[in-house]
Amino acid sequence: MAHVEIINETTLRLTLGLEDAVSMIQIAQREQAAFAQEIITIYEKMPVFEFTHFCFYAYDSAKLFERVLEMDPKTYLSFSLDAPDSFFYALYGGMAALYESSIKLVQQTQAATAVSTETDVNVHA
């Protein structure tokens with residue numbers, strides 16, 4: 001279970017384990033439409049950070065991370081994250097499993113938005 005330790009009013013220490021990666025994957029799978037873009041981003045960008053140095057905030061991909069923490073670490077000036085390599089590799093594997101279907105969901109959403117926009121334009125014409 002994620003552990004959040006408040007060091008002082010500006011600093012947090014976050015400790016995550018393998019079970020937290022599993023929780024993030026399960027949430028992503030259950031709510032895939034809501035997290036599709038984040039799944040894509042995590043899968044595509046984790047290798048850039050050599051997996052274990054991944055920064056959830058580098059590409060606006062922290063919603064799952066914050067969900068498992070049940071808080072927003074951005075309300076503090078700094079935080080450190082302690083997690084075993086297994087956390088990052090398991091998370092990557094889970095995002096890899098959801099990647100292709102997430103791309104399809106994003107494409108469907110974009111297509112629906114385009115059709116909706118065209119319909120709105122035609123109604124006003």
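Residues are numbered from 1 along each chain as its sequence is written, and side-chain values use heavy atoms, with hydrogens and water left out. Because the model is predicted, local features need pLDDT of at least 70 and side-chain atom pairs count only at pLDDT 80 or more, while totals for chains, interfaces and linings use all residues.

**Sheet**

Helices (H or I, at least four residues) and strands (E, at least two) are DSSP runs, numbered from the N terminus. Three strands make up an open sheet with mixed pairing, in the order β1-β2-β3; two strands pair if DSSP finds at least two bridges between them. The edges are β1 (3-8) and β3 (78-82), each with a single partner strand, so one side of each has no neighbour in the sheet. On average, neighbouring strands are turned by 20 degrees against each other, direction ignored; the axes are lines fitted to C-alpha atoms, and angles run from 0 to 180 degrees between N-to-C directions. β2 and β3 run parallel and are joined by five bridges. T11 has S78 in β3 as its bridge partner.

**Nonpolar core**

In soluble globular proteins, nonpolar side chains tend to be buried together. A nonpolar core is here a set of buried Ala, Val, Leu, Ile, Met, Phe, Trp, Tyr and Cys residues joined through side-chain atoms within 4.5 Å. Buried means under 20% relative accessible area, exposed over 50%, and partly exposed in between (1.4 Å probe, protein chains only). The largest such core has 26 residues, and those touching the most other members are M24, F56, L64, F65, F87, L91 and M95. At least two residues each come from β2 (11-15), α1, α2 (32-45), α3 (63-69) and α4 (85-124). α4 gives the largest share, six residues. Contact means heavy atoms within 4.5 Å; leaving out residues up to four places away in sequence, M95 touches I25, A28, I39, I42, Y43 and L64.

**Two buried residues**

M46 sits in the loop between α2 and α3 and counts as buried because its relative accessibility is 0%. Beyond four places in sequence, M46 touches F51, F54, F88 and Y92.

D20 belongs to helix α1 (residues 18-30). Outside four places in sequence, D20 is in contact with M1, A2, T15, V68 and F87.

**Salt bridges**

A salt bridge is a side-chain nitrogen of Lys or Arg within 4 Å of a carboxyl oxygen of Asp or Glu. By this rule the model has four salt bridges, including those in the table.

| Pair | Closest N and O atoms |
|---|---|
| E31 and R67 | 2.6 Å |
| K74 and E66 | 2.9 Å |
| K74 and D72 | 3.2 Å |

E31 is in the loop between α1 and α2 and R67 is in helix α3, so this pair ties together parts 36 residues apart in sequence. E31 is partly exposed at 28% relative accessibility, and R67 is partly exposed at 36%. K74 is partly exposed at 49%, whereas E66 is buried at 16%. D72 is partly exposed, with a relative accessible area of 28%. Through shared partners, salt bridges join E66, D72 and K74 into one network.
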